[in-house]
Amino acid sequence: MPRRAKVRIGLAAYRASVLAAAFACLGMMAHHWQQRRAQNFEVTPQTISQWFPDVASIEPPAGDLGARAVLDSSETTLGSVLQTSPASDQIIGYVGPTNVLVALDNDQRILGFQVLQSADTPSHLAMIPDDFPTSWYGRTAADLPDDDPIISGASLTSEAIAKSITARLLNRAAEPWFSGEITLNEVHTLFPGATDFSRDRQGRWWIIQGNEKPLGVIVLTTDCPTQHTGFQGPTAAMIGLTVDLQNVVGVKILASRDNEEYVDVVKEELGYVTPFAGKSVESIIADTRPPEFALPVSGSSYTANSLVSQIRTTLEWVSKPPKANSPIRWQTRDTLLMIWVACCLLVAFTHLRGKPAVRTALQILCVALGGIFLTVMVSQSMLIGWASHGVPWQSYPGIVLVAAAALLIPIGTGSNPYCHQICPHGAIQNIAFGITDKQLTISPKLHKWLSRLPWLVLAVIFALALAGWRGNFASFEVFDSWSTGLTILSIPVILFIVSLVLSPFVRTPYCHYACPTGALLKFAAGPTHRWLLRDKLAGAAVVCGWIFATIALIGS
């Protein structure tokens with residue numbers, strides 16, 4: 001292999017390793033600082049008085065959902081509250097997760113929400129109403145809509161909040177106390193001639209085998225994504241079905257988190273009557289009567305009603321064709337992102353780059369689609385948030401691919417298409433440049449010193465992130481102003497205005513003299529044939545970061 005090729009490969013591997021080591025160090029330190037801080041905020045009576053004016057005390061977490069009962073002065077239960085963290089911390093918004101306080105009444109209906117803490121940017125949170133999402137008020141967990149409500153301009157943050165609430169309330173509460181397994185003795189209560197049983201390929205039910213042929217199918221209510229709660233908790237039951245899944249053979253309760261006395265009454269009633277056996281699945285699903293008509297049990301109505309509702313919901317789930325098990329949620333916005341970036345890369349790596357009309361059209365597209373409509377820009381706050389809390393490749397794969405392209409293409413090619421062709425703020429500065437013949441001349445010495453500012457800001461951001469700074473990293477850059485608008489005076493808005501005012505006289509002033517993300521990508525897009533001083537400094541900074549992280553972990 002020629003020496004030049006070896007140097008090129010070595011430089012690309014070194015720069016990729018430096019970036020990977022930096023992200024790994026930030027992630028480890030973020031986990032360290034999170035462990036040292038309280039994961040859950042202490043909820044006081046004053047915090048929840050807006051929903052419970054007569055609150056006197058709050059009980060410790062209890063039950064499968066870990067909800068805290070709210071009591072008045074006479075120790076009467078008014079409702080309950082719970083937090084989405086840490087159970088939903090894996091759901092990432094624009095930067096990180098959001099911890100939401102959820103208030104419920106005694107019937108498990110939603111009374112309201114309150115954001116306790118969020119890793120997302122304050123400007124995005126400011127766009128979300130305090131009572132978001134109001135359309136969910138009065139609903140139970142089983143009644144939540146499939147589509148998450150979204151706030152324009154803060155779509156990732158609002159969507160993550162809605163998903164966190166849904167995931168927390170639909171916690172499949174039966175899993176911690178019910179294994180999801182069945183025994184042959186239990187199978188015999190519904191299929192006396194059973195000799196064996198096994199899961200189907202999709203894991204939705206158990207296939208019951210006789211001596212020579214299948215006898216039927218057993219479905220566990222705990223496998224259903226939607227769970228109904230009785231007086232104190234959910235009930236696990238198995239439903240026997242015919243081989244064609246069209247008729248019910250019988251129902252048997254396996255376990256329950258509900259009141260033991262009430263559960264025993266319902267079990268006894270099921271032993272005397274067979275409200276579901278022999279009926280078609282279709283007729284049970286179509287039965288819209290209140291649950292007490294299907295299984296009337298005096299004194300245990302909450303438990304019986306929840307069981308009936310759970311059976312109906314489970315049968316409806318079974319009757320639907322299974323959805324493709326894809327963890328990635330690809331949406332229209334991701335498709336638009338890919339089309340936009342593909343156009344930018346086409347111009348960046350072909351002769352079209354030399355056509356002024358094509359460049360101008362692309363810049364307008366970047367501003368309109370990427371900046372105003374999608375508000376997608378790679379930033380330090382986003383990258384630090386991903387390093388700290390995980391990459392949202394499931395909920396927003398498009399922006400993950402954009403960020404990956406922004407970092408990996410420079411390492412592999414030595415060119416920087418993100419800054420030159422994709423970035424909306426770079427595009428709007430290029431559009432503004434040249435609208436006047438008057439241009440500001442910057443001396444080489446001043447240009448040299450000003451060009452060091454982005455690197456200095458990048459170093460400060462890296463140090464603050466390692467130290468667990470809880471401030472807003474979006475304040476170091478201009479990009480937040482694209483999503484929040486110019487109505488709220490902030491550092492990003494000031495940077496936006498100043499850079500736009502200077503752009504007609506100085507080419508891309510923000511990119512050259514203020515952008516830390518640009519500096520990061522410039523490091524990735526360094527010359528492919530020679531080492532630079534910044535390569536050595538970047539390596540030294542990451543080594544120092546790991547030394548600091550090691551000392552912090554040993555000392556904790």
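These legends describe close-up views of a predicted model.

**View 1. The five-stranded open sheet.** The strands follow the order β6-β7-β8-β9-β10, and their pairing is antiparallel. β6 (196-199) and β10 (248-256) are the edge strands, each pairing on one side only. On average, neighbouring strands of this sheet are turned by 25 degrees against each other, direction ignored.

**View 2. The hairpin of β7 and β8.** Four residues lie between the two strands of this hairpin. β7 (residues 206-209) and β8 (residues 214-220) run antiparallel and are joined by four bridges. In this pairing, Ile-207 stands opposite Val-217 of β8.

**View 3. Strand β8 and its partner β9.** β8 is also joined to β9 by four bridges, and these two strands run antiparallel. Here Val-217 stands opposite Leu-241 in β9. Five of the seven residues of β8 are buried, so that the strand is mostly covered.

**View 4. Helix α9 on the sheet.** Helix α9 (residues 301-319) lies across β8, β9 (235-241) and β10. The helix runs at about 50 degrees to β9.

**View 5. A nonpolar patch on the surface.** The patch is formed by Ile-328, Trp-330, Val-391, Trp-393 and Leu-401, which together have about 470 Å² of accessible area. One of these residues, Trp-393, is found in the loop between α12 (380-389) and α13 (397-413). Trp-393 counts as partly exposed because its relative accessibility is 42%, and partly exposed covers the range between buried, under 20%, and exposed, over 50%.

Technical notes:
Residues are numbered from 1 along each chain as its sequence is written. This is a predicted model: local features need pLDDT of at least 70, side-chain atom pairs count only at pLDDT 80 or more; totals for chains, interfaces and linings use all residues. Side-chain values use heavy atoms; hydrogens and water are left out. Two strands pair if DSSP finds at least two bridges between them. Axes are lines fitted to C-alpha atoms, for helices over the stretch in contact, and angles run from 0 to 180 degrees between N-to-C directions. Contact means heavy atoms within 4.5 Å. Patches are made of residues with over 30% relative accessible area and no salt bridge: like charges are joined within 9 Å, nonpolar side chains (Val, Leu, Ile, Met, Phe, Trp, Tyr) within 5 Å. Accessible areas come from the Shrake-Rupley method with a 1.4 Å probe; for residues, only the protein chains shown count as cover. A salt bridge is a side-chain nitrogen of Lys or Arg within 4 Å of a carboxyl oxygen of Asp or Glu. Buried means under 20% relative accessible area, exposed over 50%, partly exposed in between (1.4 Å probe, protein chains only).
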